[in-house]
Amino acid sequence: MQIRSFHETDYPQLAAIYEQGIATGMATFETAAPSWAAWDKAHLKVCRIAAFEDETMLAWAALSPVSSRCVYAGVAEVSIYVSSKSRGKGIGQHLLKNLQERSEEHGFWTLQAGVFPENKASLALHLKCGFRQIGFREKIGQLDGIWKDNVIFERRSKKNGI
C-alpha cells in the first residue's frame with residue numbers, strides 16, 4: 001500500500017468510495033458525490049491524500065476550510081472515506097495519521113471532524129488518532145427526512161500553535 005497525493009484523474013475512484021460511504025447512511029449528509037469541480041472547490045489544495053494498492057484507490061482523506069476568516073487559516077475539517085472492501089484493515093488509521101503529519105507540515109494547528117454517533121468505526125478511528133470529543137450537536141441536520149446528531153472531534157497539533 002502506498003499513500004500519496006491524488007489528482008483529478010483519480011476522482012472517479014474517489015467518487016466511488018464516497019458513494020459507498022453515502023450508501024451507509026452514516027457517513028455524511030450528502031446524498032450523491034459532487035462533480036470534480038464542486039469537490040475541488042470545497043477542499044483545500046494541500047493535504048489531499050489516498051491509499052493505493054497498485055493503481056486502485058483504497059481510501060482517501062482531504063481537508064476543508066472551516067472559515068474564510070484569516071484567523072482560522074490553520075484550522076481544517078477532516079474528510080476520510082475507506083472503500084467497503086478495505087474497511088477494518090487499519091488503512092484508515094494509517095491514512096489519518098499521514099494526513100495529520102502533512103497538515104502540520106502545512107502549518108495547521110487544529111483538525112476537526114463531525115461524526116454521526118452511529119458510525120462506531122469512525123468514532124473509534126478519530127479517538128485512536130488522537131482526536132478528543134469536544135461537543136455534540138443534536139439534530140444538526142436532516143438526512144432523508146431524519147434528524148441526525150453529530151459528535152464533534154478536535155485534534156490540536158503538538159507542533160503548531162502552541
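## Aromatic cluster

One aromatic cluster is formed by Phe6, Tyr11, Tyr18, Trp36, Trp39, Trp60 and Tyr81. The model is predicted, so local features require pLDDT of at least 70 and side-chain atom pairs pLDDT 80 or more, whereas totals for chains, interfaces and linings use all residues. Residues are numbered from 1 along each chain as its sequence is written, and side-chain values use heavy atoms, without hydrogens and water.

Rings of Phe, Tyr and Trp (its six-membered ring) pair if their centres lie within 6.5 Å; planes under 30 degrees apart are stacked, over 60 edge-to-face, and the rest tilted. This rule gives nine aromatic pairs. The ring centres of Tyr11 and Trp36 are 5.4 Å apart with planes at 65 degrees, so this pair is edge-to-face. It links distant parts of the chain, with Tyr11 in helix α1 (residues 11–24) and Trp36 in helix α2 (residues 36–42), 25 residues apart. Tyr11 counts as buried at 8% relative accessibility, and Trp36 counts as buried at 18%; buried means under 20% relative accessible area, exposed over 50%, and partly exposed in between (1.4 Å probe, protein chains only).

## Helix α4

Helices (H or I, at least four residues) and strands (E, at least two) are DSSP runs, numbered from the N terminus. In helix α4 (residues 120–128), the buried residues are Ser122, Leu123, Leu125 and His126. They lie on the same side of α4 because they cover an arc of only 165 degrees around the axis, taken from the directions from the helix axis to the C-beta atoms. The face turned away from this buried side carries the exposed residues Lys120, Ala121 and Lys128.
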